[in-house]
Amino acid sequence: MNVSSPLGLPLVRSISPSRSIASPDPGISIAARNVNFAVSSRLGPVVQILKECSISVPTGELWMLLGPNGCGKSTLLKILAGLLTPTKGEVYVRRPRSFVFQNPDHQVVMPTVEADVAFGLGKSRCSPDQVRLKVSKALSSVGMSDYMQRPIQTLSGGQKQRVAIAGALAEACKVLLLDELTTFLDETDQMGVIKAVKNCLDESNEVTALWVTHRLEELEYADGAIYMEDGKVLCYGDPVKITEFIKAKQAAYIDQINS
Ligand SMILES: Nc1ncnc2c1ncn2[C@@H]1O[C@H](COP(=O)(O)OP(=O)(O)OP(=O)(O)O)[C@@H](O)[C@H]1O
C-alpha cells in the first residue's frame with residue numbers, strides 16, 4: 001500500500017506483493033541473487049549502482065547492512081522492499097514486509113500513538129476489540145505500552161521509530177526492512193530502538209530484520225552482517241568477522257593518510 005502523507009511525502013506502511021522468486025529455502029526470509037541495478041538518463045551514461053549482489057538472511061535473525069556512503073545499501077533495501085525493480089537478478093522476501101524510514105516523520109502521521117499503530121489495520125476485517133488487542137500487543141513488543149494515548153508530536157525520534165515498528169508488527173509483518181533508524185538519535189533513543197527490534201524478534205521466531213546502519217557498535221546486537229562497497233557485497237556472515245574486517249579497513253585507511 002503506497003499512499004501520500006499529509007506532507008506529500010511517500011508513506012509506505014505495508015508493501016503489497018510484487019514480482020519475486022520462490023523461497024530459496026524454508027529457513028530463509030530474505031534473499032537476493034546476482035542483483036544489479038542501473039539508472040540512465042537521456043543525456044548521461046548508464047550508472048551501475050548495484051553489481052551482482054547476493055545475500056541470504058535466515059528467518060528470525062537480525063542482520064545489519066553496512067558500507068561507506070553511496071555504496072548502494074539503501075538501493076538494495078528498496079529493491080528488497082519492492083520499491084525499486086532490479087535491472088537484473090532475483091529477490092525473495094517473505095511477506096508481509098515493511099520498510100521503516102530513517103526519518104519517522106515520513107511514516108508516523110496519525111494524531112495519537114494508538115491511532116497510528118492501528119492505521120494499517122483499517123482495511124482488515126478485524127473487529128474494534130481485535131484491533132485494540134493487536135495494537136496493544138505490538139506496542140508492548142516495542143516497549144511503548146504506556147504511550148497509547150500520547151499525541152505523536154510529543155514523542156522523541158526514537159519513540160516515533162518504535163511506533164513505526166509497532167505499526168508494522170500490528171499488521172503481522174514477517175520482514176522488517178529498516179533504513180538507518182538511529183542516524184539522528186541520541187544514545188538513549190538508539191538503545192530504545194535496538195532493544196525494540198531485538199524484542200520483536202525474540203518474541204516471535206518468524207520476524208526477520210535487515211537493518212542499514214553506519215554505526216559499527218550496533219553490530220554487537222546483530223546475528224549476521226553484510227558489508228558493501230562500490231555497489232558490491234564484499235562479505236557477509238558472522239558479525240564479529242565483519243567487524244574485524246571493517247576495523248582492518250579503517251586502520252589501513254588511517255595508515256595511508258598518515259604516511
Ligand atoms: N536515481 C538515481 N540516479 C542516479 N544515481 C543514483 C540514483 N539513486 C541512487 N543513486 C546513486 O547510487 C549510489 C548508491 O546510493 P544509495 O543511496 O543506495 O547509497 P547508500 O549506501 O545507502 O548511501 P548512504 O550511506 O549515504 O545513505 C549513490 O552514488 C547515489 O548517488
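**Exercise 1.** In what order do the six strands of the open sheet lie, and which pairing do they show?

*Solution.* The structure under study is a predicted model. Step one is to trace the open sheet from side to side, which gives the order β7-β8-β9-β5-β10-β11. Step two is to assign the sense of pairing, which is mixed. Step three is to identify the edges: β7 (97-100) and β11 (232-237) are the edge strands, each pairing on one side only. Finally, from one strand to the next the twist averages 15°.

**Exercise 2.** Describe how β7 and β8 pair, and state which helix lies across them.

*Solution.* Begin with the general principle: strands of a sheet pair through backbone hydrogen bonds, in either a parallel or an antiparallel sense. For β7 and strand β8 (residues 175-179), the sense is parallel, and the pairing extends over four bridges.

**Exercise 3.** Characterise the shell of residues around the ligand by membership, origin and residue class.

*Solution.* First, list the members: V39, V47, I49, G67, N69, G70, C71, G72, K73, S74 and T75. Second, assign them to elements; β4 (47-58) and α1 (73-81) are those that give two or more residues to the shell. Of the elements, α1 gives the most, with three residues. Third, sort the shell by class: four residues are nonpolar, six are polar and one is charged.

How values were computed: Residues numbered from 1 in each chain as written. Predicted model: local features only at pLDDT ≥ 70, side-chain atom pairs only at ≥ 80, totals over all residues. Near = placed C-beta within 6 Å. Nonpolar A, V, L, I, M, F, W, Y, C, P; charged D, E, K, R; others polar. Pairing = 2+ DSSP bridges. Axes fitted to C-alpha atoms, helices over the stretch in contact; angles between N-to-C directions. Contact = placed C-beta atoms within 7 Å.
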